[in-house]
Amino acid sequence: LAVTRRVDGEEDFSISPVGTGIASRTGNYFAEDSFFNQRIPPRAAIDPRTSSWVNLIYHDPEVDAIVFNDDAYTVPIYKAAAGAPTASIFLTNTNQHITIPYAANYRPSPDEDAHLAVIDTTNGCEYEFQSFDPRSMSALAEATYHAYTGSGGHVSDPGHSGGELSYIGGVITPQDVNAGVIRHALRFAIPDNTWTFTYPGTRSDGTVAGGIPEGTLMQLDPNLDLTPFHLSPLQLMVARALQTYGAYDADKGGAFALYAESTTDGSTYSQPFDALPKALIKSLRFLAPRTPSTAVQLAAANDRTCRQPQ
């Protein structure tokens, strides 16, 4: 039984499938059938609130483009091989510890969120931290996922991210850029989220009345001709991914931002992340809720196939 709690104190109860899926054939994070790896079907239903949400975003004084978080305010991803040393991390929000593979060179993102993700390559278990401090070996919060066979969604816990979606779900990677095509949905943060959520999100840290529920899937109009925007190759790659796969509203942010794997972990990109023009916002649409909770295998702290806080 998965319990998801809204900010106003109400609770939603749902039954989610157990187990994991088959790893993506394209090498993406999460399972082949993960919502992050699904193309948007033709004629997908559009949420009737789309016009008001687009207007809200376009006239938000904090939004002057669609920017990229490719260093700060995103996640460094470290992959621990067999035989890697381990460390115990203290979690201040629950007064628990979790033991993970860990090396001294692991560093969180260089911002107040201090995100960190560690993947154990021996079993695909992934550990995500909010406010990670390598000096005290502590973090505010943690969530555990199956990086290659899970869905990327998590039961609403004390909270390590706004919508409780994985940090690595939807990130643009150096491999995506080198391939010249993104074959998965993206993730975005925005200042205009409301305090409710829709699946696959299971919570929200938004505060805007009439704003966007976290977990909502956004799409760039697939019929939009991108030629007049004179996009760079990377911008065009991202715009086409937004038309084909969309992006999930994953968090509250101080800007309208898409996520790329943080360069803090040593990642490099062959092209610069120039912001997408603000004019594209007018061609965005938000899809009606299409992911029932019963169709999402949510990661949870009672899954003992990976390490969990104790």
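The questions below concern salt bridges, strands and a disulfide in a predicted model.

Colleague: How many salt bridges does a search of the whole structure find?

Modeller: A salt bridge requires a side-chain nitrogen of Lys or Arg within 4 Å of a carboxyl oxygen of Asp or Glu. One of the pairs is Arg-25 with Glu-32, at 3.1 Å from N to O. A search of the whole structure gives a total of four.

Colleague: Arg-25 and Glu-32 meet in a salt bridge. Is Arg-25 buried or exposed?

Modeller: A residue counts as exposed over 50% relative accessible area. Glu-32 is partly exposed, with a relative accessibility of 28%. Arg-25 has a relative accessible area of 74%, and therefore it is exposed.

Colleague: Which residue forms a salt bridge with Arg-49, and is that residue buried or exposed?

Modeller: The closest N and O atoms of the pair are 2.9 Å apart, and the partner of Arg-49 is Asp-47. Arg-49 itself is partly exposed at 39% relative accessibility. Buried means under 20%. At 5% relative accessibility, Asp-47 is therefore buried.

Colleague: How many residues apart are Arg-203 and Glu-164?

Modeller: The side chains of Arg-203 and Glu-164 form a salt bridge with an N to O distance of 4.0 Å. This pair connects distant parts of the chain, with Arg-203 in the loop between strand S12 (193–197) and strand S13 (212–214), and Glu-164 in the loop between strand S10 (141–146) and helix H2 (174–179). Both Arg-203 and Glu-164 are buried.

Colleague: Which are the edge strands of the open sheet of four strands?

Modeller: The order of this sheet is S4-S7-S8-S10, and its pairing is mixed. Each edge strand pairs on one side only, and these are strand S4 (77–80) and S10.

Colleague: By how many degrees are neighbouring strands of this sheet turned against each other on average?

Modeller: The sheet in question is the open one with the order S4-S7-S8-S10. With direction ignored, the average for its neighbouring strands is 20 degrees.

Colleague: What is the bridge partner of Phe-129 in S10?

Modeller: Strands of a sheet pair through backbone hydrogen bonds, either parallel or antiparallel. Strand S8 (residues 125–130) and S10 run antiparallel and are joined by six bridges. In S10, the bridge partner of Phe-129 is Glu-142.

Colleague: Which cysteines form a disulfide, and how many residues apart are they?

Modeller: The sulfur atoms of two cysteines must lie within 2.5 Å. Those of Cys-125 and Cys-306 are 1.9 Å apart, and these two cysteines form a disulfide. Cys-125 is in strand S8 and Cys-306 is in the segment after strand S17 (284–286), and their separation is 181 residues.

Colleague: Are Cys-125 and Cys-306 buried or exposed?

Modeller: The cut-off for a buried residue is under 20% relative accessible area. Cys-125 has 1% relative accessibility, so it is buried. Cys-306, at 7%, is likewise buried.

Terms used: Residues numbered from 1 in each chain as written. Predicted model: local features only at pLDDT ≥ 70, side-chain atom pairs only at ≥ 80, totals over all residues. Heavy atoms only, no water. Buried < 20%, exposed > 50% of the residue type's maximum accessible area, 1.4 Å probe, protein only. Helix = DSSP H or I, 4+ residues; strand = E, 2+ residues; numbered from the N terminus. Pairing = 2+ DSSP bridges. Axes fitted to C-alpha atoms, helices over the stretch in contact; angles between N-to-C directions.
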